[in-house]
Amino acid sequence: MINRILPTFSQICLATICMFACNEIPVNTSAVAADTMPSPNTTLWYSKPADLWIEALPVGNGRLGAMVFGGTDKERLQLNDITVWSGGPNPGADRPDGHTHLADIRKLIRDGRFDEAEKQCNQNMTCKANYDVSKYQTLGDLSFAFRLPAGGVTQYRRRLDIAQAVADVEFKAGDITFRREILCTAPEKALVQRMTADKPGSISFEMNLTRDDKAHTEFVAPDTVVMTGTTAGDKLRYAAYARVVTKGGTVRGENGKLTVEGADEATLWLTASTSYVMDYSKGYQGADPTEAAAQLKTASAKAYDEVRSTHIRDFQRYFQRVALDLGSGTGDAAHQPTDQRLRSFRDNPKADPALAALFFQYGRYLLISCSRPDSPVPANLQGLWADGFNTPWNGDYTININFQMNYWPAEPTGLSEMHQPMLRHIQSLVEPGKKTATAYFGPDTPGWVTAAKSNVWGWTSPGAKLPWGVWFGSNGWLCQHLWEHYAFTRDKEYLRNVYPTMKGACEFWLAELVEGTDGKLITSPSSSPENFFWTDSGMRSSVCEGAEMEKAIVWDLFDNTALTCGVLGIDADFRRKLEAARDRIRPPQVGKAGQLMEWGGDWDMNSRDMKHRHVSHLYGLHPGRQITALGTPALAAACRTTLQQRTDDGTGWSKAWKINFWARLRDGDHALKILTEQLRPTTQLKVVMSDGGTYPNLFDAHPPFQIDGNFGAISGIAEMLLQSHELYRDPSALTEDRYIIDLLPALPGAWPTGSVSGLRARGGVQADIAWKDGKLASATLTSPSGAICKVRMGNKTVDLKIPKGSSVRLDGSLNLTRL
Ligand code: FUC
């Protein structure tokens, strides 16, 4: 169970005194009523309004979202709709004659003329359209100017309850207590803000709905304003509706403003829709965005309390699947406002292990809020929350790590349905990806391919230039997600549906792998995302043959697809072909410094950028499974050496990946060290290529904000507690994928006692685990589908059969006990 450590009243008063003293706001020590005490495991709370966007609090329903600033006399709700993109499809982005240069480039590389090969790649294997015209953008702002009584503001507090997905703001102005509650409901497809006061007739405000880009606003009723427009490029039409329903008082709309006067309470309802449709054959152009009008009508006719309770039930259906207790620590650290709590954690992390539990659950909250089973597109670099028109890196899907990282926690942390928009997006890339494959690899090239970037408009072409633009490993990496969804859920019908997509990626690579000088299969031209190498003679390039990451991805793709054929009992010949090719791929190589080699040559130690954030060549360790700590110890040792050489530094997402790597190396203390560094407070907003941290609202800092770091880190926490990537072959069931379920494989010393329930393992198993004094106390494993597996704890492994729909309980020595 979640440890709901309620602070004592004196703790709250203490924190309150401190927060008001720090911010020089008048003190009132009888501030917070006992029933509204924040739970440190599931609440973010603050003693002053957000000035900066990275202090505001996110709400979302998988499509619509808002950042809540929590102002007093002025409030800003910055709005997003996940489909609001500028630009449009780029059918002409591929270079149709790219493939005519392929043989020459491969030859230059074989001859060691890497610098010339890079030039050739930049001229001929890049895209011919401007990728940067398509950007994820804000939907706009709702701004409020409230009329408050004189006398100043006291007893201010704003918070986000992530166990209910409700944000609120509360303060006293004069002698009146004002409260606003904000939620974004998926069932009603609406953002709702309820405004109340403890004295009738006290709610008066003006409200504006705006977008600084040619938006047109008009009142369609005295209480309803609609904003319509198109984004730059004119490919996307949007419509947002806002209505304010009051009890008492008056509402009128004029001069672009909605004015409420003297209401007892007021409820704002906001809906939005766009013309976007994820359909390549239609040029991503759907019908006019009319749904928002009907959604507004239905939602705003309902009673707020009913909408609120339906919303909470709907959200908790997912959220409550997993509970995590890492202990409550010492002192009052956990009971401080969240920004202060982060600073205290930096100074004394041991005092507040519950912050990691809050960060874990916050990541799950964010995933549920930005990616729902019916989301029109998947979570982007900022999930759903982005301000302005120039979102960093276009707010795209960067598919050389970042997009995939977004979805690492989906399956293990009980949010499998949230994976769906990504799985659909991957399949939507097959058609444009076929064109990219033939353009750059020849008219007869089978299958489909993608490069380093993708977006909602079906971009599959390479990017502008090396070291990032010319890299073709992402189709295999994306297919890993298709397979993983099956590995966790055991849904064979789903697997049958996605198999053609996986097969297409395999066909591409079966045709495009080349034989290395050692007779092994490798890729060429081959790069390692965004990095360069320096040969022994000092030549700098980013393209060679046989870089590790692409090989590892193709190995994983072939292995997963061969397993798919076996599981579905189909395509036996193709399966054998895949297995044979997989076994001919050049295995990971260990270099002269004991490192896992990143490139086709042993050049890692020549690097002039040893701390480079991408550690792509460890793909086989994570998220792949070609390298395991116990199965391939020599390669695992090489990964460890590489990680030490590369240091623990990095951007937010880079640190997050390293947490996963160290967990896979079964070193929980090192994993926690990096997690602790990732939680270091920062307000850095500029782009920095190292120095990740965490913003006051617990968004991950690349910097700037990039949500993959949130998701990657919580995947790492799950990996510390439960792993299931290791397959074993059962001679009596060779076509089945069976897994070793590893309990507490990387438990750090600083989390001696705790529990987790509801984590998911591959093979269709759910795990509740409790530990005490650093040792397993008990584990209950449940399998809705039924499972045959091995369970490992430390050095001991036992075989287990869990009948369909039932549970088994193991004690600390892995003995079966009765339930
Ligand atoms: C890759 C990374 C950057 C950033 C960007 C979105 O280019 O190397 O650090 O995360 O994606």
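How many nonpolar, polar and charged residues make up the shell around the ligand? In this predicted model, the shell has three nonpolar, five polar and two charged residues. Its members are Leu381, Trp393, Thr398, Asn402, Glu530, Arg613, His614, Trp653, His702 and Gln706.

Several of these residues place polar side-chain atoms by oxygen atoms of the ligand. For His702, a polar side-chain atom lies 2.6 Å from a ligand oxygen. For Gln706, the distance from a side-chain N or O atom to a ligand oxygen is 2.9 Å. For Asn402, a polar side-chain atom is 3.1 Å from an oxygen atom of the ligand. The protein buries 97% of the 290 Å² that the ligand exposes when taken alone.

Helix H2 spans residues 102-110. Its buried residues are Leu102, Ile105, Arg106, Leu108 and Ile109. Viewed down the axis of H2, these residues fall within an arc of 160°, so they line one face of the helix. The spacing follows a general rule. An α-helix has 3.6 residues a turn, so residues three or four places apart point the same way. The face of H2 turned away from the buried side carries Ala103 and Lys107, both exposed. Cover for the buried residues of H2 comes from elements that include helix H3 (114-124), helix H10 (430-441), helix H12 (492-512) and strand E20 (514-515). Just after H2, Gly112 adopts a positive phi of about 80°.

The loop between strand E8 (176-185) and strand E9 (190-197) holds Glu188. Is Glu188 buried or exposed? Glu188 counts as buried because its relative accessibility is 12%, under the 20% cut-off. Beyond its neighbours within four places in sequence, Glu188 is in contact with Thr298, Ala299, Lys302 and Val307. With Lys302 there is a polar contact between side chains, at 2.6 Å. Glu188 also lies 9.2 Å from Ser300, C-alpha to C-alpha, although 112 residues separate the two in sequence.

Thr413 sits in the loop between helix H8 (402-406) and helix H9 (420-428). Its relative accessible area is 0%, so Thr413 is buried. A polar atom of the Thr413 side chain lies 2.8 Å from the backbone oxygen of Pro409. Leaving aside neighbours within four places in sequence, the contacts of Thr413 are Val322, Phe360, Arg364, Ala718 and Leu759.

Asn394 is located in the loop between helix H7 (354-370) and strand E18 (397-398). It is buried, at 4% relative accessibility. Which residues does Asn394 contact, apart from its neighbours within four places in sequence? They are Trp85, Tyr131, Asp132, Ser134, Lys135 and Tyr136. Two of these contacts involve polar pairs of side chains. A polar contact of 2.9 Å links the side chain of Asn394 to that of Asp132. Another, of 3.0 Å, links the side chains of Asn394 and Lys135. Tyr136 is 258 residues away from Asn394 along the chain, yet the C-alpha atoms of the two are separated by 5.8 Å.

Definitions and conventions
Residues numbered from 1 in each chain as written. Predicted model: local features only at pLDDT ≥ 70, side-chain atom pairs only at ≥ 80, totals over all residues. Heavy atoms only, no water. Near = heavy atom within 4 Å. Polar contact = N/O pair within 3.5 Å; in protein donor to acceptor, adjacent residues only side chain to side chain. Areas by Shrake-Rupley, 256 points an atom, 1.4 Å probe, with all protein chains shown as cover. Nonpolar A, V, L, I, M, F, W, Y, C, P; charged D, E, K, R; others polar. Buried < 20%, exposed > 50% of the residue type's maximum accessible area, 1.4 Å probe, protein only. Helix = DSSP H or I, 4+ residues; strand = E, 2+ residues; numbered from the N terminus. Arc of directions from axis to C-beta. Contact = heavy atoms within 4.5 Å.
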